[in-house]
Amino acid sequence: MKVLISLSSFGAAETGRHGQLWCTDLARQAGADGVEVRGELLRDAATELPALAGLAAVYSSPEGLWTVQGQLDEAALQRGIHASQVLHAPRLKMSIGGFGARSEASLQRLKALLAATPQVELVIENDQTATAGTLAALQAFFAAQAQAGLDLGMTFDMGNWHWQGECPLQAAQALAPHVRYVHCKGVQRLPAKWIAVPLAESVAPWRAVLRALPADVPHAIEYPLVGDDLVAVTRGQVDFIRAVRGAA
C-alpha cells in the first residue's frame with residue numbers, strides 16, 4: 001500500500017511561497033511514495049507542470065466533469081488530461097460536478113474521450129457539494145456509468161462527506177467496490193463549519209471507515225501538515241498512515 005501526500009496538505013500559503021516542486025521534494029524526504037499535484041495551487045502551470053514531470057502519482061483537477069447545467073465539460077476534462085500527460089501522472093482526479101439524470105446521455109462521449117487517452121486513468125472524488133458529495137449522487141453516477149460500459153474508479157475522501165451531513169461509514173460500505181484511491185482526512189466541527197484535521201484528532205469513526213475500504217489501494221494524506229520541522233511532521237504522519245492502515 002502506497003502512501004501519497006496531497007500537496008494541499010502543506011497549505012495554500014506554504015505551497016504558494018515555495019511551489020509544488022519544493023513540496024514534492026519535502027514529501028520524498030519524509031518517506032512518502034508519491035504526491036498528488038493540485039491544479040488550484042499551480043502558480044504558473046506552463047513552467048511548474050513540466051518541472052514536476054515524473055514526480056506525481058495523481059493530478060487533481062479543481063474542475064467538475066459536468067457543468068451546473070448537467071453538460072459534459074469536455075474542455076475541463078481535456079485540461080485535466082493534458083496536465084496529467086505533462087506530469088506523466090497515471091491518474092487524474094475530478095468530481096462529477098453537476099452530473100444528473102439528464103447527463104447520462106453524455107457518458108458514451110466520455111467513454112470515447114477516455115479511450116483516446118488510455119495512459120491516464122480518471123478517478124471520481126466525492127467533493128463537498130450537494131451534487132457531487134452525497135452518497136445518493138455518487139451511487140447514481142456509478143450505476144449510470146456502469147450501465148454505459150465504463151469502469152471508473154473512485155477517490156474516496158473520508159472527510160468530505162461531513163460537509164453535506166453524510167455518514168462516511170455508510171458511504172464506505174456502499175461504495176467500497178469502486179474505490180481505487182483513498183484520501184485520509186479527519187474532521188472536527190467548529191461552531192460555523194467543519195475543518196480538516198489529522199486522523200488521530202478526528203471526531204469521525206475513521207478506523208471503521210478504513211476497515212470498510214480496500215487496503216491495497218494508494219492512500220493520500222489530505223489534512224494540514226504544519227510545524228517548525230515539516231519533514232519530521234510529515235514523516236510522522238506518513239508512518240502513522242502506514243501503521244494504522246496495516247492494522248485496520
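Which residue forms a salt bridge with arginine 109? In this predicted model, the partner is glutamate 74, and the closest N and O atoms of the pair sit 3.0 Å apart.

Turning to the overall fold, eight strands make up a closed barrel, running in the order E1-E2-E3-E4-E5-E6-E7-E10 with parallel pairing. On average, neighbouring strands of this sheet are turned by 30 degrees against each other, direction ignored.

To get from E5 to E6 the chain passes through H6, in a right-handed β-α-β crossover. E6 then pairs with strand E7 (residues 179-184), again in the parallel sense, over four bridges, and methionine 154 stands opposite valine 179 in E7. The link from E6 to E7 goes through helix H7 (residues 168-175), and this β-α-β crossover is likewise right-handed.

Five of its five residues are buried, so the strand is largely enclosed by the rest of the structure. Both of its faces are covered: Gly153, Thr155 and Asp157 are buried on one side, and Met154 and Phe156 are buried on the other.

Phe156 turns up again in the largest nonpolar core, a set of 69 residues in which Leu110 and Phe156 touch the most other members. Helix H6 (residues 135-147) supplies the largest share of this core, with six residues. As for leucine 110, its contacts include Leu65, Trp66, Leu72 and Leu77, along with Leu122, Leu150 and Leu152, leaving aside residues up to four places away in sequence. Nonpolar side chains in soluble globular proteins do tend to be buried together.

Back to the charged side chains: the model has 15 salt bridges in total. One of them joins arginine 242 to aspartate 33, with 3.0 Å between the closest N and O atoms. This pair, too, links distant parts of the chain, 209 residues apart: arginine 242 belongs to helix H9 (residues 230-247), and aspartate 33 to the loop between helix H2 (20-29) and strand E2 (34-38). Arginine 242 is partly exposed, at 30% relative accessibility, and aspartate 33 is partly exposed as well, with a relative accessible area of 41%.

Aspartate 157 and lysine 185 also meet in a salt bridge, at 3.1 Å from N to O. Aspartate 157 lies in strand E6 and lysine 185 in the loop between E7 and strand E8 (186-189), so the pair ties together parts 28 residues apart in sequence. Both of these residues are buried. They also belong to a network of salt bridges that links Glu36, Arg38, Glu40, Lys93, Glu125, Asp157, Lys185 and Glu222.

How values were computed: Residues numbered from 1 in each chain as written. Predicted model: local features only at pLDDT ≥ 70, side-chain atom pairs only at ≥ 80, totals over all residues. Heavy atoms only, no water. Core = buried A, V, L, I, M, F, W, Y, C linked by side-chain atoms within 4.5 Å. Buried < 20%, exposed > 50% of the residue type's maximum accessible area, 1.4 Å probe, protein only. Helix = DSSP H or I, 4+ residues; strand = E, 2+ residues; numbered from the N terminus. Contact = heavy atoms within 4.5 Å. Pairing = 2+ DSSP bridges. Axes fitted to C-alpha atoms, helices over the stretch in contact; angles between N-to-C directions. Right-handed = clockwise from strand over helix to strand, strands pointing away. Salt bridge = Lys/Arg side-chain N within 4 Å of Asp/Glu carboxyl O.
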